[in-house]
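Me: I'd like to walk through this model with you, one question at a time. Could you take a look?

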Amino acid sequence: MATASPTDPSRHGVGIGLRWEFIDDLLERIAVGRISKKDIPFFEFAPENYLRRGGFIPEALDRVGEHFPLVSHGLHLSLGSVAPFPSEYMRDLRAILAHVAAPWHSDHLCFSGVDGRSLHDLLPLPQTDGAVLHVARRIREARERLERPMAIENISWYLRAGAPELDEPDFIANVLEEADCGLLLDVNNVYVNSLNHGFDAREWLERIDVTRIWQLHVAGHEWRASEGLIIDTHGQDVSDPVYELLRSTVARTGPVAVVLERDSNIGDLDTLLAERRQLQAAYDAGIAVYEAAHAVERARA
Ligand SMILES: [Fe+2]
């Protein structure tokens with residue numbers, strides 16, 4: 001199967017992260033033809049949930065992949081770490097990405113392990129020139145070993161890793177340039193960080209080079225009074241300000257893959273599909289702005 005490019009239109013619009021909580025329902029609907037690409041353009045899956053597992057688990061992914069395009073989004077590369085990538089993990093990850101013909105693979109701009117142990121958290125990198133060179137080298141190595149284009153995701157973070165030499169948009173821009181990779185722009189993470197750290201999310205987003213954006217994430221968050229922070233829980237509905245940021249971002253990017261991430265309080269598939277439709281309406285409103293602006297540009301040319 002040919003590998004699709006990051007601009008492949010079969011992954012445009014609003015997809016959903018594939019989760020165990022609704023997989024039985026989804027497979028039943030697929031079996032009787034009660035769900036199709038008209039209801040949802042594509043799914044995003046986490047390859048780590050399918051590696052080294054037999055029987056129903058890989059078969060379920062294959063069944064979904066027969067009916068819907070897939071994009072992969074990983075959890076365990078720990079791109080900012082200093083320890084070498086584990087060979088077996090890289091080999092298995094490369095195989096599953098080839099198996100599903102993933103157009104690209106994404107993981108987080110962070111570190112999540114030390115000395116071979118997983119910390120089960122996404123921790124921020126120091127925003128320094130040295131960290132740019134280090135993580136860019138690791139992204140290029142991952143791309144070569146996985147034989148797949150790579151995109152990095154901006155994380156939500158709750159502490160600073162030392163005094164920054166660069167602010168976050170410059171840090172991300174330099175990594176994208178140095179690694180020559182794509183950006184999975186998590187709009188909710190930018191919004192959560194803007195509330196916790198006091199900056200303007202829209203200004204932050206406008207500093208990102210849209211030609212690097214291959215995919216967007218949206219999700220819900222919640223206020224935790226006990227911690228005095230907004231936490232990126234992926235357990236609530238997407239908030240109105242994040243809808244607005246989705247609309248304004250898509251007005252700049254044009255057609256792009258967007259994924260609704262829901263990891264707790266998942267509810268049933270119909271509820272998720274209803275939220276997806278609302279997000280698709282915001283996406284379509286953004287595309288209308290993008291197309292109107294480009295029509296004006298074309299008329300001037
Ligand atoms: Fe995300």
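Predicted model: local features only at pLDDT ≥ 70, side-chain atom pairs only at ≥ 80, totals over all residues.

Me: Which residue of strand 12 stands opposite Gly 15?
Reply: Residues are numbered from 1 along each chain as its sequence is written. Strands here are DSSP E runs of at least two residues and helices are H or I runs of at least four, both numbered from the N terminus. The residue in strand 12 opposite Gly 15 is Val 259.

Me: How many bridges join strand 1 to strand 12?
Reply: Two strands pair if DSSP finds at least two bridges between them. Strand 1 (residues 13-17) and strand 12 (residues 257-260) run parallel, and the number of bridges joining them is four.

Me: And which residue of strand 2 does Ile 16 stand opposite?
Reply: Strand 1 also pairs with strand 2 (residues 43-45), in the parallel sense and over two bridges. In that pairing, Ile 16 stands opposite Phe 43.

Me: What is the handedness of the β-α-β unit made by strand 1, helix 1 and strand 2?
Reply: With the strands pointing away from the viewer, a crossover is right-handed if the path from the first strand over the helix to the second runs clockwise. Helix 1 covers residues 23-31, and the unit is right-handed.

Me: How many residues of strand 1 are buried?
Reply: A residue is buried if 20 or more other C-beta atoms, placed from the backbone, lie within 10 Å of its own, exposed if 12 or fewer, and partly exposed in between. Strand 1 is mostly covered, and its buried residues number five of five.

Me: Is Ser 239 buried or partly exposed?
Reply: Ser 239 lies in the loop between strand 11 (229-231) and helix 8 (240-253). Because it has 18 other C-beta atoms within 10 Å, Ser 239 is partly exposed.

Me: Leaving aside neighbours within four places in sequence, which residues is Ser 239 in contact with?
Reply: Contact means that the C-beta atoms of two residues, placed from the backbone, lie within 7 Å. With neighbours within four places left aside, the contacts of Ser 239 are Gly 220 and His 221.
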